[in-house]
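This report concerns the salt bridges and the nonpolar surface of the structure shown below.

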Amino acid sequence: MPFLRNLQITLEMIKWEHSIFALPFALCGAMLAAGGLPSAHQLTWIIVAMVAARSAAMAFNRLADVTIDAANPRTRTRALPAGTLTPTFVTSFVLVSCLVFVIAAWQLNRLTFLLSPLALAILLLYSYTKRFTRLSHLVLGFALGIAPAAAWIAIRGSLDLRILFLTAAVTFWVGGFDVLYSCQDCDFDRENGLHSIPRHAGIPAALWVARSFHLVMLLLLVALVVAFGLGKLAMLGVLAVAALLSYEHSLVSAHDLTRLNAAFFTMNGVISVVFFFFLAGDLLLRR
C-alpha cells in the first residue's frame with residue numbers, strides 16, 4: 001500500500017528509533033518527580049508524547065530544510081529532495097504527530113496540556129535558527145532539554161526549579177554533539193550563508209567548544225545529584241557519562257571526521273541510557 005510505504009520511508013527519514021536520545025532523560029525527570037516509578041498511565045503517555053514530539057520536530061525539520069538538503073551533497077539523497085516523499089504527505093505526518101502530542105499532554109494533566117503549544121513551538125521553530133544564529137546548536141539542545149522539565153510537570157502538575165539542572169545539562173549535551181555533527185557541513189554552511197560554530201570558528205576551535213559544552217553538562221549533572229540529595233550510584237552515573245563522552249571525543253579529530261556518525265548516533269544513545277539506569281537504580285534502591 002502506498003500509505004504504508006510512505007509511512008515507512010518517513011520513519012526512516014526522521015530516524016524515529018533515535019527518540020532514545022532524549023527519552024531516557026525525560027524518564028529521569030519523571031522518576032525524580034515521582035521519587036521512584038511513576039504510574040503505568042503516566043509512563044505510557046510520557047513516552048507517547050516524547051515520540052510524537054520528536055517525530056513532529058524531525059519531519060518538520062526536513063520540510064523546512066528541503067531546499068538546503070537538495071543543495072548539500074551529503075543530504076540530497078534524503079526522501080524529500082530525492083522526491084521519494086511529497087511535502088503534502090510529510091506535512092500531514094507533522095500535523096498528526098502534533099495532534100498525538102497534544103492528546104498525550106491532555107491525558108497527563110491540565111498544566112501539561114496548556115503548555116503543549118509552547119513546547120511544540122520550541123521544537124518546530126528550531127529548524128529556522130541556523131539561518132540567523134551560530135547558537136542554533138544550543139537552541140536544539142534546549143528543544144530536547146525541556147523534556148525532563150516537561151516530564152516533571154507531567155507527574156506533579158507543577159515545576160520544581162531543581163529539575164532545570166537536568167534541562168540545562170541536556171541542553172549543553174545536545175549542543176555539544178550538534179557542534180560535532182555540524183563539522184561535516186562547515187564548508188557548505190560557509191558557502192550558503194548558514195550559521196554554525198564550525199563555520200564561524202573553524203573545526204579545531206569547534207571541537208574545543210563541543211568539549212567545553214560537555215564539561216558544563218557534567219558539572220550540571222553533579223549539581224543535579226547534589227540538589228536532589230541523590231547517592232553514590234547516581235554520582236557513578238555521572239562518572240560513567242564522563243568516560244563515555246571522553247571516548248566519544250576520541251573518535252573525532254580536526255583531521256579525521258570519518259567516525260563522526262559513530263560518535264553522534266551510537267555513543268549518544270548509550271550515554272542517555274546509561275545515565276538513566278544509574279539514576280533510576282539510585283532512586284529505587286533508596287526507597
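## The Asp185–Arg74 salt bridge

In this predicted model, Asp185 and Arg74 form a salt bridge whose closest N and O atoms are 2.5 Å apart. The two residues are 111 residues apart and link distant parts of the chain: Asp185 lies in the loop between α9 (164-182) and α10 (186-191), and Arg74 in the loop between α4 and α5 (79-82). Asp185 is buried, at a relative accessible area of 11%, whereas Arg74 is partly exposed, at 31%.

## Other salt bridges

The count of salt bridges comes to 6. One of them pairs Lys130 with Asp65, with 2.9 Å between the closest N and O atoms. Lys130 is in the loop between α7 and α8 (136-156) and Asp65 in the loop between α3 (40-64) and α4 (66-71), so this pair ties together parts that are 65 residues apart in sequence. Asp65 is buried, with a relative accessible area of 2%, while Lys130 is partly exposed, with 23%. Through shared partners, salt bridges join Asp65, Lys130 and Arg131 into one network.

Asp69 and Arg78 also meet through their side chains in a salt bridge, at 3.3 Å from N to O. Here Asp69 is buried, with a relative accessible area of 4%, and Arg78 is partly exposed, with 21%.

## The nonpolar surface patch

Leu99, Ile103, Trp106, Leu111, Phe113, Leu114, Leu115 and Leu118 make a nonpolar surface patch of about 740 Å². Helices α6 (87-108) and α7 (110-125) each supply at least two of its residues, and α7 gives the most, with 5 residues. Leu115 lies in α7 and is partly exposed, with a relative accessible area of 33%.

Definitions and conventions. Residues numbered from 1 in each chain as written. Predicted model: local features only at pLDDT ≥ 70, side-chain atom pairs only at ≥ 80, totals over all residues. Heavy atoms only, no water. Patch = residues over 30% accessible without salt bridge, like charges linked within 9 Å, V, L, I, M, F, W, Y side chains within 5 Å. Areas by Shrake-Rupley, 256 points an atom, 1.4 Å probe, with all protein chains shown as cover. Salt bridge = Lys/Arg side-chain N within 4 Å of Asp/Glu carboxyl O. Helix = DSSP H or I, 4+ residues; strand = E, 2+ residues; numbered from the N terminus. Buried < 20%, exposed > 50% of the residue type's maximum accessible area, 1.4 Å probe, protein only.
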